[in-house]
Structures are given as structure tokens and as C-alpha cells.
Amino acid sequence: MGYSDADAAELYDLLNRWGESDDFYLSFVMGAGSVLDVGCGTGSLLAKARKDGHTGRLAGIDPDVAMLERARQRVPDAEWVEGKAADIAWVSEFDVAVMASNAFQFLVADLEESLVKIRTALVDGGRFVFGTRNPEVREWESWNPSNPYDVVDHAGRELRMIYHVEQVEGDAVTFTETTALRDNTPLRTDRATLNFLGVDTLNAVLIKTGFDVEAQYGDWSRGPLTPTSENIVTVAYRA
Ligand SMILES: C[S@@+](CC[C@H](N)C(=O)[O-])C[C@H]1O[C@@H](n2cnc3c(N)ncnc32)[C@H](O)[C@@H]1O
């Protein structure tokens, strides 16, 4: 038994349905002639943009081959590149870059290098729009086996998603996501490390890598950022 990468990519879309954060990102995407989606996953954002009539250049980059394959099938006329943010080779080509669904938090050891590459891919004044979970809220404390999430996948399998934080070291939180049967028999386990940067550290690294911060919000309706905001929503631009 097991659970394939292709199944996991399909399950990702079931677990991450369109939400208000996506509407927020979409408003920037639709207003830009050329868009780079960094950590694009299965391509839902750019697929919606095309569906809604975006006729310009759409490109996505992601290291996950199965997710990217799903994106390719959805929007054949976008550019889909396999790689991490630090692998970006575009120079001065995009009006807007986004990192949706907290993909930004996957930038840990390669954070600065990734930001420099994203900046380089943007035209002068081009915007970089992303969100990151506010470390003050300590959301990872709810990611534990006593808090599982039950889901029925695309093939009708009754599954249970089980989360377990293995390590918190500085700003980095390492955790596992186990896809299991309802009797807790594991089918696959994925491990990830997420960066939980506070706003001061975040803004310092943005400035160091050549961005200026245009606006920062505490939610997807552009509400103010407060110490208890769940997200730090940032609109930065290539300085
Ligand atoms: C939570 S998913 C978000 C996917 C997509 N942006 C969305 O809104 O559904 C995070 C994505 O970041 C990708 N990722 C992980 N490390 C990355 C890196 N260093 N650079 C770019 N993307 C990365 C993962 O493969 C995954 O697809």
C-alpha cells in the first residue's frame, strides 16, 4: 500500500480549495501583463487567471514534479518550470511575482538567494506579493496527532491527515504530514521545514535583497497587521 505523488497532488487540491487569500492574489495577477507564480504547486491560481480572461504571460516554477504536471495539464499555454525559487533564471521579465498559500515559508536556508532571484526576475518597480503565517500566533502548536483532519479523496478513499511537529529551531518548524487510512495505518509521510519569520526580520531581509515594502496587512481583506494577526500579508516591490 502507499499513496503516489500524483495522488498526493490531487489530494492537495481537495485539501486546499479556493479561498479569500486566492482572491487577494488574483487581484494582483489580473492587473499585471506578466506574472510569475513561485512555488506554484498545482497551478490553481494561474488556471483561474486564464479562465477569468488573463491573456498575458503566465509562468510558474515549483520543485514538485507531480504538482507541476497537474499545473501543465490545467494551463498548457503557461510556462511551467521545474525548480526552486533559488533556481530562477528569468531577468527583468515579470510585472508581478506571487507566492500563494504560504509557499514563501518553504524558503529557509536559501531564503536570501531565493529573494534575490525573484527580485531579478521582476521589472523595475515590479511587485512581489506573498503571505507568511505570523509566528506570534504559533499556529504549529495545533499541528499534532490529536488534531487530525479527515478527508475523502478523488478516488473515494477515506483518509486521515495526521500532523506532527518534530522540531522547532529558531524560526524554522519541521513537521510531518502523514496520509493515513481512518484506522491510522500510514500510506505516506511527507516532511517539510517552514520558516516563521516575524515582521521585523522579514522586512530586514526584504530590504537587504533589494525590495521595498509597499504595504503590509494582517488579513486578506487588507485589514491592519497586529501582533495577533494570523498572517503577515506583504506587497513589496523591486526597489
Ligand atoms: C503550500 S504549497 C503552495 C502551492 C501553491 N502556491 C498554491 O497556492 O496552492 C507550497 C509549494 O511550494 C513549493 N516549494 C517548496 N520549496 C520551494 C522552493 N524552495 N522554491 C519554490 N517553491 C517551493 C512546494 O513544492 C509546493 O508546491
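Domain bounds, as used here, come from an automatic or database domain assignment. In the predicted model, this assignment gives the protein chain a domain 1 made up of residues 5–134 + 197–238 and a domain 2 made up of residues 136–195. The centres of domain 1 and domain 2, taken over C-alpha atoms, are separated by 23 Å, and the two domains meet through 20 residues of domain 1 that are in contact with 21 residues of domain 2.

The ligand is surrounded by 16 residues, of which Tyr12, Gly39, Asp62, Ala85 and Ser101 are the closest. By residue class, this shell divides into nine nonpolar, three polar and four charged residues. At Ala85, by contrast, the backbone is involved, with a polar backbone atom placed 2.9 Å from a nitrogen atom of the ligand. Of the 590 Å² of accessible area that the ligand has on its own, the protein covers 89%.

Helix H3, which spans residues 44–51, contributes Leu45, Leu46, Ala47, Ala49 and Arg50 as buried residues. The cover over these buried residues is drawn from both helices and strands, and includes helix H2 (20–30) and helix H4 (65–74) together with strand E1 (34–38), strand E2 (57–62), strand E3 (79–82) and strand E4 (94–99). Just after H3, glycine 53 adopts a positive phi of about 100°.

A further site examined in the model is threonine 174, which is placed in strand E8, a strand running over residues 172–181. Threonine 174 counts as buried because its relative accessibility is 13%, and the limit for that class is set at under 20%. When neighbours within four places in sequence are left aside, the residues in contact with threonine 174 are His164, Val165, Glu166 and Gln167, along with Arg191, Ala192 and Thr193. With one of these residues, threonine 193, the side chain of threonine 174 also forms a polar contact of 2.8 Å, in which the side chains of both threonines take part.

Notes
Residues are numbered from 1 along each chain as its sequence is written. This is a predicted model: local features need pLDDT of at least 70, side-chain atom pairs count only at pLDDT 80 or more; totals for chains, interfaces and linings use all residues. Side-chain values use heavy atoms; hydrogens and water are left out. A residue is near a molecule or strand if one of its heavy atoms lies within 4 Å of it. A polar contact is a pair of N or O atoms within 3.5 Å; within protein, one must be able to donate a hydrogen and the other to accept it, and residues adjacent in sequence count only if both atoms are side-chain atoms. Accessible areas come from the Shrake-Rupley method with a 1.4 Å probe; for residues, only the protein chains shown count as cover. Ala, Val, Leu, Ile, Met, Phe, Trp, Tyr, Cys and Pro count as nonpolar, Asp, Glu, Lys and Arg as charged, and the others, Gly among them, as polar. Helices (H or I, at least four residues) and strands (E, at least two) are DSSP runs, numbered from the N terminus. Buried means under 20% relative accessible area, exposed over 50%, partly exposed in between (1.4 Å probe, protein chains only). Contact means heavy atoms within 4.5 Å.
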